[in-house]
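Please keep the sequence and the model in view while reading.

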Amino acid sequence: MRLKSAGPGDDTCTMKVSLFLTLIFLVGCGPKTPASSKSTVQSTSAEVSPAAADPLSSYPDAFGLNNQISSPDVSLDYLITDVCVDANNFPVKGDPATCASHRNIRIGERVPYLLTDFDSTNNARYQSFASLPVAGMDGTLKILVAKHFQPGLNEDFKFNYVYDKNVTGFDLLDPNGPYVSGIRTSDGGCYDQIISTDSFQRQNGWIFFKRDMLAGSLNHNIRMDRIDPDRPKNCTLGLDIFGNTRDIWNAPALWTYETGKVLNSVITYHYAHKDLSKSGNAL
């Protein structure tokens, strides 16, 4: 993975990153500096507070979520974009893996760099993304992994996230239960989808890892509701899988990336069926 700057003059950066492909890497950048609050956030999901969805409004952090973001909760460090900060604790350009002071980005702050994937064989970038804290409609902290699918990305590209299901996507994560889990997603396959354990419980349907940060695994139920009215014909209205899904994750460990940087990372695997020898199983 290579991380590229947001524009001319900005630094090439490394941050915690979620790769929602066949497996997921969640990367932490270590100790944080004290907290600060700022304003506004850009959002896509109807499950995010309308006040937070307006990029021009001043977000007052009415729910006190920035205090939670700055808490010593280690699990959040693997979910939220890191930023370098100056002496006044304001975000500045730089590489959070190496800068002297860095912390989780706060609700409403702008990411001062562009994070992309990188195909070293073809010298091409195919998507950019950022993991941003947002206020859920229930007043609790959620993490919005905003994605922009754009071939030919370069350092002049500006990540201005306006939801368009054909060129953008997102994952909405809930960090508040015993497990960090995905509760909503949008991609080019079936568009907007609600993820849950069953029709009564939203948390722990798509599990990433347990918040105690120990290695583990779990077999569990998962329900996917494809709610986009224009979804492709092969996407059913709802799909239930009862007790067949298996998630496996490691404790934080050092991994070396294509950039040559060594970062503490959690790797989590999501299998369609708990029987790993089953023909046709999917990762």
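**Basis of the description**

The model is predicted, so local features require pLDDT of at least 70 and side-chain atom pairs count only at pLDDT 80 or more, while totals for chains, interfaces and linings use all residues. Residues are numbered from 1 along each chain as its sequence is written, and side-chain values use heavy atoms, with hydrogens and water left out.

**Overall composition**

The protein chain contains three helices and 16 strands; helices (H or I, at least four residues) and strands (E, at least two) are DSSP runs, numbered from the N terminus. Of its 283 residues, 51% are buried. Here buried means under 20% relative accessible area, exposed over 50%, and partly exposed in between, with a 1.4 Å probe and protein chains only. The accessible surface of the chain is about 12700 Å², and carbon and sulfur atoms account for 54% of this area. Accessible areas come from the Shrake-Rupley method with a 1.4 Å probe; for residues, only the protein chains shown count as cover. Of the contacts (heavy atoms within 4.5 Å) between residues at least 6 apart in sequence, 61% join residues at least 24 apart.

**Nonpolar cores**

In soluble globular proteins, nonpolar side chains tend to be buried together. A nonpolar core is defined as a set of buried Ala, Val, Leu, Ile, Met, Phe, Trp, Tyr and Cys residues joined through side-chain atoms within 4.5 Å. The largest such core holds 30 residues, and L26, L79, I80, F208 and F209 have the most contacts inside it. At least two residues of this core come from each of α2 (65–69), β3, β7 (127–135), β8 (141–149), β10 (179–187), β12 and β13 (216–226). Strand β12 gives the most, with four residues. A second, separate core has seven residues, among them L144, Y161, F170 and L172.

**Salt bridges**

Side chains of opposite charge can pair when their charged atoms come close. With a salt bridge taken as a side-chain nitrogen of Lys or Arg within 4 Å of a carboxyl oxygen of Asp or Glu, the count is nine. Three of these pairs are described here.

R211 and D73 form a salt bridge with an N to O distance of 2.5 Å. R211 lies in the loop between β12 and β13 and D73 in the loop between α2 and α3 (74–77), so that the pair links parts of the chain 138 residues apart. R211 is partly exposed, with a relative accessible area of 27%, whereas D73 is buried at 19%.

K147 and D171 meet at 2.7 Å, N to O. K147 belongs to strand β8 and D171 to strand β9 (residues 168–174), 24 residues apart.

In the pair of D228 and K165, the closest N and O atoms are 3.1 Å apart. D228 is in the loop between β13 and β14 (238–249), and K165 is in the loop between β8 and β9, 63 residues away. D228 and K165 are both buried. Shared partners join K165, D228 and D230 into one salt-bridge network.

**Disulfides**

Which pairing pattern do the disulfides follow, with bonded cysteines counted along the chain? The pattern is 1-2, 3-4. A disulfide is a pair of cysteine sulfur atoms within 2.5 Å, and there are two of them.

| Disulfide | S to S distance | S-S torsion |
|---|---|---|
| C84 and C99 | 2.2 Å | about -100 degrees |
| C190 and C235 | 1.9 Å | about -80 degrees |

The disulfide of C84 and C99 is left-handed because its S-S torsion is about -100 degrees. C84 is in strand β3 and C99 in the loop between β4 and β5 (102–104), 15 residues apart. C84 is buried at 2% relative accessibility, while C99 is partly exposed at 21%.

The disulfide of C190 and C235 is likewise left-handed, with a torsion of about -80 degrees. C190 lies in the loop between β10 and β11 and C235 in the loop between β13 and β14, 45 residues apart. C190 is buried at 12% relative accessibility, and C235 is buried at 5%.

**Positive phi angles**

Most residues other than glycine have a negative phi. N89 has a positive phi, near 70 degrees. N89 is in the loop between β3 (82–85) and β4 (91–92) and is buried, at 9% relative accessibility. N204 also has a positive phi, of about 65 degrees. N204 is in the loop between β11 (191–196) and β12 (206–210) and is buried, with a relative accessible area of 11%.
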